[in-house]
Amino acid sequence: MTEELFREDARLVRCDARIVAIDERGVQLDRTVFYPQGGGQAGDRGLLRHADGRTLAIADTRKGTAPGEILHVPAPEQSLDGWAVGEAVEAEIDWQRRHRHMRFHTATHLLCALVPHPVDGCSITADYARLDFHMTDALDKQQLTEGIARYVAGAHGVSHRWISEDELDANPQLVRSMSVQPPRGQGRVRVMEIDGVDLQPCGGTHVANTAEIGAVIVTKIEKKSAKTRRVVLGFAEPA
């Protein structure tokens, strides 16, 4: 099982680690700062740096088949020849890309606070974020953009904590997502709290204050089905 350093500190850019497994799926480390694709959020990219100076470009990060497995997937042109189990490496994420994920992911929580309906789909990338809401009412782009801007300007603190699975069962209204349920089996669940705005289970990476999100706009609202409204977010500034 890989120690998931990003769960406690999303601002960690690099860490020392040791290779514990290598196969055609990718490289597994004993600890990592790389977030694996999940909960709608894209997996991290970056580099593994060997002590002798060699580097391995990581194009994606995925969860393995066994609980706790995290696969660092090399870019297609990269070879795993010469990389061996037991070797020490430095793992470093593409911080600019990760930070965009963090800003967008936190912005989707603000959107959830503005649209009080269950979420039945989510995607968070470096270029856009989208949420699909289970609802029939019409939504207004300008109103949602202005609502997000108010929360950003309010500079609300963002933090996480852990609650027991029993606590979650006693408060089922905390779960907003219909498509992605909090992971079970470890006895505890991670919840993200935006002071005075939102509280829900989430394993993703987030900024520390809503002011850090910057200017986010609603770029599109789509009627995907009779009971689904899709809201797409973008940054006001270019990439």
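Two strands pair if DSSP finds at least two bridges between them. Helices (H or I, at least four residues) and strands (E, at least two) are DSSP runs, numbered from the N terminus. The model shown is predicted, so local features need pLDDT of at least 70 and side-chain atom pairs count only at pLDDT 80 or more, while totals for chains, interfaces and linings use all residues. Residues are numbered from 1 along each chain as its sequence is written, and side-chain values use heavy atoms, with hydrogens and water left out.

**View 1. The open sheet of β11, β12 and β13.**
The 3 strands are arranged in the order β11-β12-β13, with antiparallel pairing. β11 and β13 (198-201) stand at the edges with a single partner strand each, so one side of each has no neighbour in the sheet. From one strand to the next the twist averages 25 degrees; axes are lines fitted to C-alpha atoms, for helices over the stretch in contact, and angles run from 0 to 180 degrees between N-to-C directions. Strand β12 (residues 188-194) is joined to β13 by 4 bridges, and the two run antiparallel. Isoleucine 194 has aspartate 198 in β13 as its bridge partner.

**View 2. The open sheet of β9, β10, β15 and β14.**
Here 4 strands follow the order β9-β10-β15-β14, and the pairing is antiparallel. The edges are β9 (119-124) and β14 (216-225); each has a single partner strand, so one side of each is left without a neighbour in the sheet. Neighbouring strands of this sheet are turned by 15 degrees against each other on average, direction ignored. β14 pairs with strand β15 (residues 228-235) in the antiparallel sense over 8 bridges. Within this pair, lysine 220 has valine 232 of β15 as its bridge partner.

**View 3. Helices α1 and α2 on the sheet.**
Helix α1 (residues 95-114) lies across β9, β10 (129-134), β14 and β15, and runs at about 140 degrees to β15. Helix α2 (residues 141-153) also packs on the sheet, where it touches β14 and β15, and its direction makes about 135 degrees with that of β14. Contact here means heavy atoms within 4.5 Å.

Leu144, Thr145, Gly147, Ile148 and Val152 of α2 are buried. Down the helix axis, the buried residues of α2 fall within an arc of 160 degrees, so they line one face; the arc is that of the directions from the helix axis to the C-beta atoms. Their cover includes α1, β14 and β15. On the other side of α2, Gln143, Arg150 and Ala153 are exposed. Buried means under 20% relative accessible area, exposed over 50%, and partly exposed in between (1.4 Å probe, protein chains only).

At the start of α2, a side-chain oxygen of aspartate 140 comes to within 3.1 Å of the backbone nitrogen of glutamine 142. Alanine 155 lies in the loop between α2 and β11 (158-164). Although not a glycine, alanine 155 has a positive phi of about 50 degrees. Alanine 155 is partly exposed, with a relative accessible area of 37%.

**View 4. The partners of β8.**
Strand β2 (residues 14-23) and strand β8 (residues 88-93) pair in the antiparallel sense over 5 bridges. The bridge partner of arginine 18 in β8 is alanine 88. Strand β5 (residues 46-50) also pairs with β8 in the antiparallel sense, over 5 bridges. Arginine 49 stands opposite glutamate 90 in β8.

Key
A polar contact is a pair of N or O atoms within 3.5 Å; within protein, one must be able to donate a hydrogen and the other to accept it, and residues adjacent in sequence count only if both atoms are side-chain atoms.
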